Amino acid sequence: MGFLQDAPQLAHPHRNDRLLLALLDRVFPSKRRAALDADLDALGDYAQMAWERSGRSTRRKPVLTQWDAWGRRVDRIELTTAWTEGPHLTTRHAVLAAGHENHEHARLEEFARVYVYHIASEFYTCPLAMTDGAATALKASGNPSLIERALPHFLSRDPNHFWLSGQWMTENAGGSDVGNTETVARQDADGQWRLYGRKWFSSAVVGEAALALARPEGAGTGTAALALFYVETMNGTERKPELIIDRLKDKLGTHELPTAEIHLDGLPATPVSELAHGVRQVAPMLNVTRTWNAICAVASMARAIALVRDYASRRQAFGRTLIEQPLHAQTLADMQAEFEGAFALAFEVAYLLGRVEQKVATLQETASLRLLTPLAKLWTGKMAVSLCSEALECFGGAGYIEDTGLPQLLRDAQVYAIWEGTTNVLSLDSLRALAGNNSFAALRKVITGWLGEAHNAQASFAIHAALDAAATHMDAQ
Ligand code: MFK
Ligand code: FAD
């Protein structure tokens with residue numbers, strides 16, 4: 001046997017992540033660190049185990065069985081291993097619960113966990129994000145009975161008590177433009193609301209609950225006439241018969257995530273608030289899931305760079321390791337610079353979200369959060385795709401070979417730019433934020449504050465010039 005190349009090894013995603021450790025050291029008082037570090041260590045251990053396991057496992061996709069042997073409709077979904085482990089792992093390490101504690105760093109504590117866990121989760125983080133978003137939207141609604149009913153499940157630290165929530169918005173006629181929603185809500189003679197219609201993408205179909213947009217029968221057309229409903233999907237251990245899973249999507253990536261097309265045939269539902277302005281009511285959920293998207297996009301970049309860096313010290317070409325080849329080292333440095341910018345932006349949003357929710361934020365921070373959330377989502381989504389593509393090239397031909405586990409990074413990254421609002425739709429949302437609440441002035445103050453600490457005069461000058469140009473442009477609007 002001739003030369004055999006060693007596979008890339010994954011460094012511990014918590015203990016070896018310089019950026020994460022620097023952030024935690026900067027922000028957290030030491031008395032908060034012990035519990036957080038223990039959870040991050042455990043999630044990092046899990047991530048290393050999962051990377052090693054992925055080289056041996058071939059099972060990548062969930063399987064839907066619609067009928068049992070005797071012709072009964074069962075719509076049973078068998079999940080991949082990481083998905084079956086998800087509820088125990090994430091409740092034990094309080095991934096969601098940490099984000100809803102009452103202190104201003106709660107969201108940072110949550111998103112540090114998400115960042116370390118995401119890739120190993122096989123996109124179990126997708127329904128976790130939606131569950132977090134549902135909890136946030138229900139809190140914002142102030143609906144006491146739904147809060148009392150659902151939040152103890154969504155934020156549970158007990159896997160037997162834990163529920164996942166979906167986010168049922170997209171339909172055939174309305175993904176970006178949800179104002180085209182065709183699902184109808186009708187009230188029974190006994191006052192029970194029921195939903196009838198088809199939801200075209202449902203990524204948490206194995207969940208126990210969902211927030212769904214629907215048009216109350218007789219309401220007008222357009223977005224403002226939509227209402228937001230809370231639904232539960234299970235009767236004990238059986239899925240409710242009014243929820244029919246038509247099929248699982250065959251996707252470019254996120255293969256382990258069961259994304260389904262579903263029919264609602266009279267599924268019982270409860271209005272979250274008034275029977276209109278459902279998009280306004282679901283907006284807190286959107287802003288939370290967009291933050292998850294940014295953090296998870298950054299986690300994909302971190303994983304790609306960690307593997308590339310390790311490989312560069314193992315692989316030899318032209319008489320030395322790749323990392324000793326100046327041009328390869330430059331490529332890695334460029335990737336690292338982009339990643340560090342993306343990391344800073346995504347975690348700034350998490351930090352601001354925590355401060356706003358705990359009511360300790362300044363007006364300027366509140367306005368910045370509204371603007372930075374769509375910007376962070378759209379920018380990190382695009383960047384994850386280009387960085388993962390570059391990472392594959394850093395492995396040469398091996399980056400193109402499925403059972404190295406590397407191509408999956410690129411396939412999965414493509415989703416960040418599409419779901420939770422495409423890049424252009426979020427660009428328009430950023431403009432809405434700019435127009436709405438003076439957030440450009442607020443952001444300018446934040447950026448000017450950062451520049452005060454910067455040492456690169458040339459970069460600082462360029463950014464000031466860009467801010468001036470943007471301000472002139474906005475004044476002219
Ligand atoms: C692993 C990573 C984790 C990530 C998990 C992701 C799982 C995937 C799940 C999904 O993809 S779920 C589906 C996500 N769908 C979208 O994100 C829809 C994209 N389309 C938009 O974002 C549109 O801008 C939107 C539908 C929200 C609005 O379009 P419209 O129909 O033109 O409505 P309009 O009038 O602009 O907004 C209605 C109200 O919502 C307004 O308030 P008012 O009623 O008071 O006037 C808006 O100000 C408010 N609003 C909209 N976006 C907001 C918002 N408020 C706060 N924040 C926002 N982002
Ligand atoms: P369209 O809205 O038809 O967009 C097509 C193109 O038009 C895009 O490039 C878009 O940027 C552009 N465009 C649209 N409007 C404008 C405009 N005003 N100006 C400029 N360009 C515009 N949805 C859920 O509700 N729940 C889920 O659980 C869920 N899971 C998903 C899982 C996966 C894997 C994927 C891929 C999607 C999922 N989605 C889910 C759906 C997702 O949110 C939508 O696909 C997305 O919002 C885009 O909607 P659309 O597919 O209808 O595209």
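A nonpolar core is a set of buried Ala, Val, Leu, Ile, Met, Phe, Trp, Tyr and Cys residues joined through C-beta atoms within 7 Å. Buried means that 20 or more other C-beta atoms, placed from the backbone, lie within 10 Å of a residue's own. The model is predicted: local features need pLDDT of at least 70, side-chain atom pairs count only at pLDDT 80 or more, and totals for chains, interfaces and linings use all residues. Residues are numbered from 1 along each chain as its sequence is written, and chains are lettered from A in the order in which they are written.

**View 1. The largest nonpolar core.** This core has 130 residues. Leu211, Ala212, Phe229, Ile295, Val298, Met301 and Ala346 touch the most other members.

**View 2. Around Val298.** Leaving aside residues up to four places away in sequence, Val298 touches Tyr115, Ala342, Phe343, Ala346 and Thr380. Touching means that C-beta atoms, placed from the backbone, lie within 7 Å.

**View 3. Helix H10 against helix H13.** The axes of H10 (residues 363-394) and H13 (residues 439-452) come within 8 Å and cross at roughly 105°. Axes are lines fitted to C-alpha atoms over the stretch in contact, and angles run from 0 to 180 degrees between N-to-C directions. H10 is therefore roughly perpendicular to H13, a label for angles of 65 to 115 degrees. H10 brings Gln364, Ala367, Ser368, Arg370 and Leu371 to the contact. H13 brings Ser439, Ala442, Leu443, Lys445 and Val446.

How values were computed: Helices (H or I, at least four residues) and strands (E, at least two) are DSSP runs, numbered from the N terminus. Angles under 35 degrees count as roughly parallel, over 145 as roughly antiparallel, 65 to 115 as roughly perpendicular and the rest as oblique. Two residues are in contact if their C-beta atoms, placed from the backbone, lie within 7 Å. A residue is buried if 20 or more other C-beta atoms lie within 10 Å of its own, exposed if 12 or fewer, and partly exposed in between; C-beta atoms are placed from the backbone.
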